[in-house]
Amino acid sequence: MSHVFLYALLGVGLFVLGLYALIVHAHLLRKILAINVMGTGVFLVLVALAGRNQDTLPDPVPHAMVITGIVVAVSATALALILMLKVNGATGKNELPDRDRD
Amino acid sequence: MIGDIVAIPWVVVLIVLPLMGGMACFLFPTISKSLGLMTALAIFTAVGGLSWQLVEEGAQRYAIGGWGASLGIDLYADGLSLLMLVMAALVGLGVSVYSSGYFSRDKANHFWPLWLFLWGALNALFLSADLFNLYVTLELLGLAAVALVALAGGRGALTSAMRYLLVSLLGSLFYLLGVVLLYHSFGSLDIAILAQRVEPSPAVWAAVGLMSVGLLLKTALFPMHFWLPAAHASAPAPVSALLSALVVKASFYILLRLWLEVFPQTNTAFSQLLGLLGAAAVLWGGLMALRQTRLKMLIAYSTVAQLGYLFLAFPLATSCAWTGMLYLLFSHALAKAAMFMAAGNILRYGGHDRIADLDQVAQRLPLTLAAFSLAGVSIMGLPPSGGFVAKWLLLEASMNSGQWWWAIVLILGGLLAAAYVFRVIGYAFTQAELPHEAGVVPARMEWTALVLAFVAILLGFISPAAFELMGIGAPFGVGCAG
Amino acid sequence: MGKINYEPRIHAVNDILSAFLLISVPGLPLLLAFPALHRRLPWPGLIALLPATILLFISADIFIELPWMLLGGGLGIDSVSRWWLAMAVVTWAAVAAFLHVPGGRGACNRLATLFLLTMAGQMGAILATDMVSFFTFMTLMGYAFIGLLVADGDERVRRAGRVYLVLLIFADIALLEALLVAAASTNDLGFAVAAGAMTLSPFSVLYLSMAIAGFALKTGVWPLHVWLPLAYGSARPPVALLLWGVPVATGLFGAVRWLPLGEITAPIPGMLLQAVGAVGILYATLFGLMRAQWIQLPAYVAIIATGMFAMGLGAGLRDPSVWNQYGDSAPVFVVLVGLGLAIMVVGLAWLEASGRIPSGFRKTAGAALWLERWVAAVVRWGCWLGISILPGLRALWLVKWGRLWKTSVWQRAFNAGEHFLQRWVFAITLFLLLGMTFVVLLLLDAMSFL
Amino acid sequence: MTANGQTGKTFRLLLVLLLTVMAVGLGYAVLELHSSAGGLSKQVATNLEASGVSNPVTAVLLNFRGYDTLLEMAVLLVALIGVWSLGGIPDYRESSPGPVLDTLSRLLVPMLILVAGYLLWVGTHAPGGAFQAGSVLGAAGVLLLLSGWRLEKIFAGLPLRVILILGLGAFVTAGGGFLLIGNVFMEYPSALAGELILMVEAAATLSIGVTLAALFLGGRPEAGLDK
Amino acid sequence: MSWDTALPLLIVVSSLIPGLIIFFLAEKQVAARITLNMLGVLVKLALAGVMLWGVFHGHHYEVRLPLLPGLDLVLRADRLSMLFVTLSTGLWFVTTVYAIGYLEDSPHRSRFFGFFSLCVTATVGLALAGNLLTFLLFYELLTLVTYPLIVHRGTEAARLAGRNYLIYTVGGGALLLLATVWLYTLTGTLEFTARGFLSGLDAVHHPALVVIFVLLIAGLGVKAALIPFHGWLPQAMVAPAPVSALLHAVAVVKAGAFGIVRVIYDVYGVEFAASLGVTLPLAILASVTIIYGSLRALFQDDLKRRLAFSTISQVSYIVLGVAVAGPMATIGGLVHLVHQGVQKITLFFCAGNLAETLGIHKISEMNGVGRRMPWTMAAFTVGAFGMIGAPPLAGFISKWYLGLGALDADQSWVLIILVGSSLLNAAYLLPILYTAWFKAPPASWPAERFFGRYETAWALLAPPVVTALLTLVLGLLAFAPFSPLEWARLITSREFTP
């Protein structure tokens, strides 16, 4: 059991924590943040486990994957934030309505 | 000459073309409509080329950059991918033509690049053999789709787009975590290689669970369909069409690939659960559709129901069932696209889509009504239509496997579908009390819907040939002949 | 149906001519029944009678086969039917003279059409050589005659018509049954063979009872006589003249043709017939002659005559030899009764016209209308069964169903369900739950592998 | 969402329970991973020579799995188009940047651009590369925007869009170009690979930087122009 | 593609193409529409004639198109199918003429005639279907294309009638589909074969076959309006008269009855079905339907409703005939397929004439209508007597053979049903005649229209007169070659001779 697994477990923890926040919080900004936390958790797991083989160099592929993932996350977050602003502009609230009315 | 056509790497062309088209549209908004239509045609042709290639040479594996799987990324095209690509091409061409009459100038500027990128994402997704690459395509698809939903503007569209985005991201993250676990278990992302290496372990169970759930969320299987109706109903009509027809199918496609190739050892309990959820979706979606007062919501719930059918194939798990299910997916795509387009026409003409007030609208738009009805025939699974062929195969599979209860679900689902489709058509025949203020519907919008619906019907007649194509590379075992 | 096994006899006229003649006997009246034709002719009734008259003067028995017609049949004339034909010609000629049909458009066209149709029916029935043809013509005659009876009549005539109609339908059904039974037993329904064949058939009792019942209904033998007094009491004199000559006489003719007289010993039906005949005579003399109006008298006479005829038939059935001996006198009897009745009717009409007897209609005895009441009861019964209960039940059920649908229970259930599903917390929790379930299922599966 | 607190509370409890189970399960799964199962590091090492760069991560990003990166540029672009499609720049309260921000940005922006260039160059053999460089460039842009700088209207149209698609365009051109002359898609001849990757990276850096800045702006810069 | 394979396709297409073109005609293009319609009709008639002649002389017309893996769309002309093809084509001709007259100046005629043609297309396809799948295909198609005709008027009542029609027929179609698939999984074939293809099946499957039979009959019984499934038919009378004629005589109801005949003969085989013990319950069901329909008809004042209930009763004769399972009864049932069609179409035409010319819809309004419209009522009278089964009309022939068949098959209880039904037929039809001919006409009719020379428009008058004459001719010349009776005997000879 190395520190690698500690990071990985931390990643799992972040993922679950983010999930909890995503579900529980109504505010859209919190939801978006929660998604980001979850993403970070996944990346952490991904990148931490890349180094679990002590003999060789850390696997570069997960690193590349994480970079790609981060860019994707950034793009998504940007879109989400703007969308949130627009939702706020249209409904006056930073929450999703409980249920769409006709 | 023929050899040249076969030699062209159509798989790459199919991915690059829409991306280039999207960039071009983005660069030159003023001519984006023509550029978009040209690209659509080109993609359509390319799919034709690919089919030819596949027929001539069998399933294709294409190593991007020449590196080959594990290290590099492979593209893989077999009958299953071809089916999805053809579906995307048909619906895509239809959506393109329809949109060229639908959007105002301002919206069109954004629609075209987004739509072409979405198409590119779809093609890339259907061709990818790499799990992480699939994640990227999935995200590209999701973001484009969300942006397209929001294009309608207004409260409903924005909130449902927001919800859609969150759900989409959540699903992708689940999927990604599964991919991570698989990669770290077996050191590869390639589906074919994983298929050889995979063996049961806690990480694999977790991965299967995570990926399945994530993808199911994106596929909107009951009870996780909560985001779908609003999103599909509030989007602009062509976007609704492509969301229902194509986008939800993309995540399902990944699920299917995983199920068929990576985790093929059949788990009866798991597949029964999927079947059960599918059945619940069929019934619940049908009932909810029946209760809607607005046309687009009705169609959206119909999508929920139809997606449920797809999962009925899992407990049956014979090649017959897979074939039937895929044919259903195919014909549903066409029919549903036609339906949403018809709804768009009605909305454009009458300014509303309240079912109870459809009278005059539908009588003045006979082509649209015809499109809706023909599409409805396929959705109901009445012969002769693609939906019927599919349902026939599924019924046959369920009868053959002795699991007759799925047959009953299929039949009930068909009845519910008939009920909600005819609910609309019934009102369309009534005489109008008050003349509505009529909007102008361009002829091409009517014709596109009709042609798509007609193709859905036509599928009922060409299934042997279609099955031949689908069977290339034997993605789900030997074909189903009787 | 097979060929009719009449032994061809020597014909006086050639085949084509005889065929033409035979067909035109019922055919001409049928043709003339079209208003467009008879409207343009003077005295269509008499013209229509011409072929029959000619036929009467040809002394030979002639037959033709018409295999294409209906179930295959034929027309012909023999010594028995000649009597009836003669009587029919005379009766129809008389009535045609009485019943003047004006030309041109008008309400009387209907009368003329019905008149000619009835005539065609009777002629055809008399000439028919097989059961099916006979039955066909007889049906035509029966329904057309009812039309003739009630056309332009008042409520009393209509009632007579209704009663007769009901009896007629029952009669036709009974005869159809008899026919079917016969057809099931033998391939040939020609009179020459069928009756004989029936004697050997296991169904002969059924056949006999059906045939007897059918003709009893048609001719108005005692308990089924109700319509006769009614009709005589209300029909116009020319039509009243037809009452014996057309339905009753043809019915009797049918009985002679259909029953295997002289070939079978059927004591029970025979005795039954005799008893019925006897009671009928008794009834008519006692009850009818005592209580009936003047104008109804011919009816009771007819009932007596029919009763007598029935007794004769009964005797013939009980003992074939009796029939073989005296059977030939049957036509004579019928013709004589017919003449007598005709004179009676004409006389009564004359008397009434000159005011010697009071016209009008006395209220009929209650017993006479039991049939009508029974029918009404059946209708009410059906009403009660078919309308009140069944639709009622259905309506009730529909209402319940509607309430079930409308009671917002379902609506609310669906709404709440969807609402529940659309709420973020619940939705995602379900989602998680599902994920757990998957993993657990996979786990279980993997453990079962081990 | 928390309107009915009672159900909310019960559900939250259930949720916590579920999540705990999930966390435990995932943790178990992670811990049970074979530590021996090697990744692709060996393969990367053996093929590094042919990739044209000596930094394994860059090699994976731009060559071995360059296709991922290509699509990812598309993701970035789509996000931007999505943002633009939602309308013009949101109505921020205009506040003039304070003197500190103003001075700092004047100082920092050139430096950031410099750093970005360095990161790009160094990426071929050491940690660094287009994304890192692009992010730094994007930060510079954000800083500029924060201090009230806006793009000239002339550049806000086609020129801006050209820069935005430059990254994706370069990828597609480089990848597809060789396709035309008979190679496999995105197969760089090893002689040219290093230069090609640098060029593509440069284009990508520019695009990423500008895209990030534009995303920050949150709307279409020429929206006002259209109206 | 040779002539023998082309002909079945052509005969289906000959109404499909005009139908599709008609959809795109404008309302005002009356001449073009009529021309197209009549062209289609005449071509179809001619082709049907050629085919009839060919089949009679032993030609084999068959076309196969692949439809599903292992299953083809088969159109094949055998004697039974020709019976139905000829019936529907012939009556379609008459109905088209009638419809042209009936719908003059009403809206949505292009739509109407388009669907009208499609309806016949479906019927002919269904008649020629060579396997159960093809049959199912056209059966469902028929449902779909009749729906717009039923709701044609666009009133709320029409919409509800259409809805109910669909509830019944789509449900029936679903049952049929289920049964078909089940059968296919059991046997691997669905090809209609003389004497059925199931008798060789293992005895283990016999209970399943019984269930399938029930499903099939339920599915087909909906269109044939067998008793628990008959509810749609009386409601559907809100449709225009030509549509009622179509529903009751040409297409829909007949399709159901025809399907039952097919199932019993060419899927199960009479003898095998009898050995499964399913024919007797079917015969009883048919009998109950006959009596129930007549009873209900007795109490309807609405003319078309009465006729609708009468159809329910009459169509079950066909089912009864085949369910009695003997050669004679089969002849009766099959020939009734044609005879009932001709008679009932006459009655509906006449009812339509009354409604169109005088605005009469109820029997109680028909007092003395015979004087105003003698031709129409004469035709009605012939039709009604045919229905009652009076000789020498067509209905007599059917009843004759049914009765004979019942005796032949030792099921004399059927005779009682026949008797009862004849009585009831008379009871609900004769009062109409009485009212029309012998009651005094009122001073004015509800909504009288005048059409010049004749009592009504010639296009309305000619069809019922023609079909009434046909009723007479079919009965009178029942033994002529090519008569329906002869044809039915030919069909039966295939099924029963050892």
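**Where chain D meets chain B**

Trainee: How many salt bridges are there between chain D and chain B?

Mentor: The count between these two chains is one salt bridge, meaning a side-chain nitrogen of Lys or Arg within 4 Å of a carboxyl oxygen of Asp or Glu. This is a predicted model, in which local features need pLDDT of at least 70, side-chain atom pairs count only at pLDDT 80 or more, and totals for chains, interfaces and linings use all residues. Residues are numbered from 1 along each chain as its sequence is written, chains are lettered from A and ligands numbered from 1 in the order in which they are written, and side-chain values use heavy atoms, with hydrogens and water left out.

Trainee: Which residue forms a salt bridge with Arg65(D)?

Mentor: Asp130(B) does, with the closest N and O atoms 2.7 Å apart.

Trainee: And how many residues are in contact?

Mentor: On chain D there are 49, in contact with 52 of chain B; contact means heavy atoms within 4.5 Å.

Trainee: What area is buried between them?

Mentor: About 4,400 Å², with 78% given by carbon and sulfur atoms. Buried area is the accessible area (1.4 Å probe) that two parts lose on being put together, summed over both. Arg65(D), Tyr67(D) and Ile81(D) supply 15% of what chain D buries against chain B, more than any other three residues.

Trainee: New topic: which domains does chain D have?

Mentor: The assignment gives domain 1 (1–37) and domain 2 (40–225); such bounds come from an automatic or database domain assignment. Taken over C-alpha atoms, the centres of domain 1 and domain 2 of chain D are separated by 38 Å.
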